[in-house]
Amino acid sequence: MARKIIIDTDPGQDDAVAILLALASPELEVLGLTAVAGNVPLALTHVNARKICELAGRPQVPVFAGCDAPLKRTLVTAEHVHGRTGLDGPDLPAPKMPLAEGHAVDFLIETLRQEPANSVTLCALGPLTNIATALQRAPDVAPRIQEIVLMGGAYFEVGNITPTAEFNIYVDPEAAEIVLKSGAPIVMMPLDVTHQALTTRARIEAFRALGTPVGRAVADLTDFFERFDMEKYGSDGAPLHDPCVIAYLLQPQLFSGRTINVEIETSSPLTLGMTVADWWRVTDRAANATFIGKIDADGFYRLLTARLATL
Ligand code: BDR
Ligand code: CA
């Protein structure tokens, strides 16, 4: 039986590739997409999410709009990384599929209550505002979550939006704290691992060589994304952060990490949004997350390219 997932997302080129990977994978049943403000404002992220469903030929997947601002802070966006639309690169048509009726947070709560306990996994690809709001409003859903697999945080790589914070956690640190304290099983994909999943020229050309609309769009998305990271880090290519979350569900053997305590800095102006990960287990704080540290990048790109070829 396919594993049921909800993808909470702020597309974003790398979110888009993650959504495509999920929709291409028969092992996963995508119950819905919940859009959140992050890389760009909510008014764009829910449109982008629907563009990607249509690109995948799956306009029946419901896309809900969620929170338009972090719990307690002003929204910080990342147009400098993702472009003005959040999906700069390919020229994707405006979506025809409508936005699903209702709020994303209600969809999360209702789905977790209706589906059998521990049968729904949340894949979090953006700031954790929607998920934290659901947990605050309906604490009864926390023990019903099978797993939360999230892209966020960093330990050895420290930060990307500030010297000490990764973007998704930094945008809504209070939400991240609620999620990490929820008691739900959590797997974190920090920058430590996503910075190993780089798009090289050969990997991008392998997407283009699929010769399909999806292959070309993914090559254009990753081409755009790459520009920023090559300028910033001088690395081989761009890190495909969010697809690591979906790949973990499909082939967990590509990843390794440690089950440790992770706390979120929510007050220091200097280190706001830092994920204080007890990687070396030097405290007696209880473990609350599996913090991934390594990925088989070749295996990851093989999986991604093979699955995209099916769309
Ligand atoms: C995360 O921030 C966003 O810019 C990406 O989509 C990813 O989810 C990386 O820090
Ligand atoms: Ca994202």
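Reply: Happy to! A word to start with: buried means under 20% relative accessible area, exposed means over 50%, and partly exposed is in between (1.4 Å probe, protein chains only). Also, this is a predicted model, where local features need pLDDT of at least 70 and side-chain atom pairs count only at pLDDT 80 or more, while totals for chains, interfaces and linings use all residues. Residues are numbered from 1 along each chain as its sequence is written, chains are lettered from A and ligands numbered from 1 in the order in which they are written, and side-chain values use heavy atoms, leaving out hydrogens and water.

Me: Okay, how many residues of H5 are buried?
Reply: Seven of the nine residues in helix H5 (residues 129–137) are buried, so the helix is mostly covered. Helices (H or I, at least four residues) and strands (E, at least two) are DSSP runs, numbered from the N terminus.

Me: Which ones, and what do they pack against?
Reply: They are Thr129, Asn130, Ile131, Ala132, Thr133, Ala134 and Leu135. They pack against strands E1 (3–9), E2 (28–35), E4 (120–124) and E5 (145–151), plus helices H4 (104–114) and H7 (173–180). Contact here means heavy atoms within 4.5 Å.

Me: And how covered is H11?
Reply: Helix H11 (residues 243–250) is mostly covered, with eight of its eight residues buried. Among them are Pro243, Cys244 and Tyr248.

Me: New topic: what coordinates the calcium ion (ligand 2)?
Reply: Asp10 (OD), Asp15 (OD), Asp15 (OD), Leu125 (O) and Asp242 (OD) do, at 2.2 to 2.6 Å. Donors are N, O and S atoms within 2.8 Å of the metal (3.2 Å for Na, K and Ca); water is not among the atoms, so sites may look incomplete. Along the chain, the donors follow the spacing D-x4-D-x109-L-x116-D.

Me: Are aspartate 10 and aspartate 15 buried or exposed?
Reply: Both aspartate 10 and aspartate 15 are buried.

Me: What about alanine 287, where is that?
Reply: Alanine 287 sits in the loop between strand E9 (275–277) and strand E10 (289–295). Its relative accessible area is 49%, so alanine 287 is partly exposed.

Me: What does alanine 287 touch?
Reply: Not counting residues up to four places away in sequence, alanine 287 touches Thr259, Ile260 and Asn261.

Me: Last one: how far apart are alanine 287 and asparagine 118?
Reply: They are 169 residues apart in sequence and 20 Å apart in space, C-alpha to C-alpha.
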